[in-house]
Amino acid sequence: MAEQRKHPTYLWWNGERLRWHDATVHVTELGWSTVGAVFEGIRAYAGADGELYVFRLREHLERLERSMRLVRLRLDYGLDELTEVILDLLRANEIHEDTYIRPLAFAADTSGKRFAQIGNDASLLVNTSPLATHLGTGLTQTAKVSSWRRISEDVMPPRIKNLSNYRNGQLASSEARLDGYDTAFLLNAQGTVAEGPGACVMMVANGMLVTPSVTCSILESITRDALIVLAREVLGIPVVERQVDRTELYVADEIFTCGTAAEITPVISVDKYTVGDGGIGPVTRDLERAFLDVLRGTEERFAAWRTPVWAAVPAGVR
Ligand code: PMP
């Protein structure tokens, strides 16, 4: 029983739903096989009505498809098919609570190939793990501007979720933690603000929400996109996507990071400059509330962003 709690019963691996312990690869596959790997991070949220809602599933699958195209991996499944794979997996694992879903694609049979990853067959894994929301819990972070620069378009493709890109964020994150901060902001090759390790950056200045544009060496974040829409349509505040200078962070009224894992995480200081009054700012709070309403299904306007997991299953067998 204790063993069961540590991982879900099933995962999905190359076309089949398998028991967790039956999905294995040989140890010699470690290493080069995942250098070109791409992945997705998706969340499902327990709805206020008892349903489980996957947030922006289609957009995540579309980004997976783009990521695979960019690293020249072949996707052998349609997006409708992958949607069903994920919904089926969540149901098979009897999931009703907040959950993280991770599809991972990498080149199959690369042993000895190292650099020749062109149009390879892809191995595709989907696994799920419980991940409670931290929205509304009062979590805040301190940040430092990293001495590491964000990877740039002329070195690696920042806009996709290539696993190798994440070494960049790991270096920045571990530097920040060793220096006593919770997280880091990376500048891009041009010296303007890019993003955090695994999250985008937004700030409030002069009554506007300001965020680095998608050509500033950031991942094309789905949360960022959603929050831009919610800020405009629910909060009614202007949003500007542009280059952001480092020193703008030092004098911003509010700052937060955003992403599937980060959700909205308020940042209360950057390089020891206190942001606003050092607490969670009013725009951040309003946006958190609006976002949670969408995720939990109490805001009807953005129902298209939610995929219900259990709706198709008769109530008696859920
Ligand atoms: N930047 C990076 C580097 C990330 O890994 C993530 C998390 N996927 C984000 C930004 C936020 O993207 P999303 O909102 O799509 O999760």
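**Salt bridges in a predicted model**

Let's begin with Asp 286, which counts as partly exposed because its relative accessibility is 35%, and partly exposed is the range between buried (under 20% relative accessible area) and exposed (over 50%), computed with a 1.4 Å probe on protein chains only. This is a predicted model, where local features need pLDDT of at least 70 and side-chain atom pairs count only at pLDDT 80 or more, while totals for chains, interfaces and linings use all residues. Residues are numbered from 1 along each chain as its sequence is written, and side-chain values use heavy atoms, leaving out hydrogens and water.

Side chains of opposite charge can pair when their charged atoms come close. A salt bridge here is a side-chain nitrogen of Lys or Arg within 4 Å of a carboxyl oxygen of Asp or Glu. Asp 286 forms one with Arg 289, at 3.5 Å from N to O. Both residues lie in helix 7 (residues 282-296), 3 residues apart, about one turn of the helix; helices (H or I, at least four residues) and strands (E, at least two) are DSSP runs numbered from the N terminus.

Now look at Glu 241 and Arg 224, whose side chains meet in a salt bridge of 2.7 Å, N to O. This pair links distant parts of the chain, with Glu 241 in strand 14 (residues 239-242) and Arg 224 in helix 5 (residues 222-235), 17 residues apart.

Finally, a network of salt bridges links Arg 66, Glu 153, Arg 159 and Glu 220. By this rule, the count comes to 20 salt bridges.
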